[in-house]
Amino acid sequence: MRSARAGQIVVALAAAAVLAFAVLGDDEYTQHLLMWTALNAVLAVGLRFMLLVGETNIGTGAFYGMGAYMGAICTTKWGLPFPLALLAGGLLAIVVSTGFGLVTLRTKGPYFMLISFAFTEVVRLIYTRVEWLGGNSGIIGIFPPQALDPWMSVLTFLLCGGLILMMYLCEQSNLGRVFRAIQNNDAVVETVGIDVVQIKLVCLVIASFSVGIAGSLHAHIYNVISPGDFSYLVPVFALAYIKIGGDANVMGAVIGAAILTVLAQMLQGMGSLEHVLFGGAIVASMLVLPDGLLGGGRRLLRLFSRGRA
Amino acid sequence: MTAPLLVAQAISRRFGGILAVNDFSFEIQPGEVMGLIGPNGAGKSTTFNVISGFYKPTTGKLTFLGEDITGLSAAAISRRGLVRTFQHGSLLREMTVHDNILIGALRAVRDNSGREMRVRETAALLGLGGLLHATAGSLPHGLQRMLSIAIAFAARPKLLCLDEPLTGLNSTEAVAALEVIGRIRDEYETTILLVDHNMRVVMRICDRIAVLNYGQKLAEGTPEEIRNNPDVIRAYLGDGE
């Protein structure tokens with residue numbers, strides 16, 4: 001109990017430090033790095049949210065992409081205000097994920113994973129074929145209002161933080177307990193009168209909403225989107241963030257996203273070596289730290305406290 | 001005599017070419033402990049899965065509390081007051097005893113303080129009172145069986161269906177479990193349907209017993225009648241040829 005309280009204080013301090021940096025820092029590159037990290041953190045926490053019910057949702061990539069395309073269309077084609085563009089990304093993800101879930105959530109495990117994988121790829125192919133969506137080259141010139149420019153990183157940080165907090169609070173509630181129960185043994189949950197498919201649908205919709213809003217933010221931060229940005233690789237990388245940071249709690253996913261986002265940027269100048277080193281980092285951390293950095297840190301802490309006692 | 005709690009009318013369940021349950025009819029009266037026995041493969045588990053909604057019956061009709069529940073989902077049937085356990089101990093292994101029982105009470109009790117009371121009361125009844133913070137998967141086998149009953153009973157069903165609740169228990173644990181099942185019936189006025197291999201146990205606790213063989217009802221009656229029924233003896237011991 002006490003260590004959980006201490007953990008919350010550390011998280012709050014870290015968040016405050018990053019926020020201060022987002023407000024005060026004037027280095028544009030670092031600001032962008034911060035925003036990319038925030039987006040990736042939402043993706044990782046969103047993917048992990050469905051792992052709570054035991055499902056690997058590769059559709060995370062599709063819902064992220066829908067949010068991005070919806071946001072881009074709202075801004076560039078319909079001239080809607082920026083907040084509405086953000087909301088529209090989340091709402092579209094809610095609508096589509098509800099339909100997708102109703103059809104697919106009766107499957108589970110590898111079957112659901114494959115269906116959601118296929119869904120992400122089909123949606124991506126649709127972008128490439130539809131002229132109105134820019135086809136293969138995508139949509140360019142997606143800008144937030146100019147007045148927001150100096151505040152974009154703060155806004156991104158707060159919005160992504162809010163989405164992550166929402167998913168964290170869901171996990172801590174009785175709803176989160178039911179999620180875990182479904183992961184443990186869905187038949188038991190069914191026998192005490194809880195509709196498993198319905199709860200999984202709720203889980204999918206909450207995660208997709210978060211990822212959809214993040215997608216719309218993505219479009220306005222990168223200013224350019226194309227179909228290739230939203231392939232199955234998006235959730236695959238998110239899975240790597242989760243596994244490297246540690247999948248025991250939300251902070252693991254956030255830390256993993258932060259480290260790998262920065263690492264990817266550092267390796268970018270290395271040409272084809274980039275992917276080799278990136279993959280190597282993932283394999284190495286899986287071998288050395290099977291329960292992620294957070295799990296490794298906890299073990300180290302325990303080792304120290306035992307040494308002292 | 002009051003109206004029966006559960007009426008199964010000629011239920012059948014087919015898996016491809018195999019008729020696992022064939023034209024099986026029975027009634028369960030409120031307040032009784034009914035036993036369902038039969039040799040391996042007789043269709044006991046299939047019957048359980050059909051009445052609890054995990055399988056749809058191929059033909060036949062199920063009536064619970066006067067309402068037709070044929071074809072309803074397992075969750076919907078459970079919400080009407082028919083809750084089952086599973087043969088192989090149905091647990092949420094990575095969760096605490098407290099959270100296991102809480103999941104059982106979640107749908108049945110609406111407010112959080114009521115749920116906490118329900119969890120404590122249920123845990124105490126099943127001998128898990130001091131273990132609320134233990135992880136379910138780390139409990140010894142006997143307590144895991146008790147916990148799987150606790151999850152189901154936390155919903156306070158009208159009909160509690162126990163699928164082999166005593167399998168793998170030693171004799172002390174089995175006696176304790178029987179005592180708990182008796183208390184669930186007497187103190188909480190719960191009707192119980194029980195499947196078990198242990199004939200002695202079934203004979204001791206059940207008011208009435210139905211015997212299944214090759215998916216069909218072989219006999220039905222009081223333990224005394226079943227014990228002396230020549231068909232039952234033949235099914236269990238062979239006919240000496």
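1. Contact between the chains. In this predicted model, 15 residues of chain A are in contact with 25 residues of chain B. The size of an interface is often given as the accessible area lost when the parts come together. For chain A and chain B, the buried area is about 1700 Å², and carbon and sulfur atoms give 64% of that area.

2. Two salt bridges are found across the interface of chain A and chain B. One of them can be inspected at D195(A) and R79(B). A salt bridge requires the nitrogen and the carboxyl oxygen to lie within 4 Å; in this pair the closest N and O atoms are 3.4 Å apart.

3. The side contributed by chain A. Two elements of chain A, helix 7 (174–184) and helix 8 (186–191), each give two or more residues to the side that touches chain B. Helix 7 of chain A provides the largest share, with six residues. By residue type, this side of chain A divides into six nonpolar, five polar and four charged residues.

4. The sheet of chain B. Chain B holds an open sheet of six strands in the order 6-7-8-3-9-10, and the pairing is mixed. Strand 6 (82–84) and strand 10 (216–221) of chain B each have a single partner strand because they stand at the edges, so one side of each has no neighbour in the sheet. From one strand to the next, the twist averages 15 degrees.

5. Two pairings to compare. Strands of a sheet pair through backbone hydrogen bonds, either parallel or antiparallel. Strand 7 (residues 159–163) and strand 8 (residues 191–195) of chain B pair in the parallel sense over five bridges, and L159(B) has T191(B) as its bridge partner. Strand 9 and strand 10 of chain B pair in the antiparallel sense, over five bridges; here A210(B) is partnered by E220(B).

6. The hairpin. Strand 9 and strand 10 of chain B form a hairpin with two residues between them. Y214(B), in the turn, has a positive phi of about 50 degrees.

7. Helices across the sheet. Helix 1 (residues 44–51) of chain B lies across strands 3, 6, 7, 8 and 9 of chain B, and runs at about 150 degrees to strand 7. Helix 6 (residues 171–188) of chain B lies across strands 3, 7 and 8 of chain B, and runs at about 150 degrees to strand 8.

Key
Residues are numbered from 1 along each chain as its sequence is written. Chains are lettered from A and ligands numbered from 1 in the order in which they are written. This is a predicted model: local features need pLDDT of at least 70, side-chain atom pairs count only at pLDDT 80 or more; totals for chains, interfaces and linings use all residues. Side-chain values use heavy atoms; hydrogens and water are left out. Contact means heavy atoms within 4.5 Å. Buried area is the accessible area (1.4 Å probe) that two parts lose on being put together, summed over both. A salt bridge is a side-chain nitrogen of Lys or Arg within 4 Å of a carboxyl oxygen of Asp or Glu. Helices (H or I, at least four residues) and strands (E, at least two) are DSSP runs, numbered from the N terminus. Ala, Val, Leu, Ile, Met, Phe, Trp, Tyr, Cys and Pro count as nonpolar, Asp, Glu, Lys and Arg as charged, and the others, Gly among them, as polar. Two strands pair if DSSP finds at least two bridges between them. Axes are lines fitted to C-alpha atoms, for helices over the stretch in contact, and angles run from 0 to 180 degrees between N-to-C directions.
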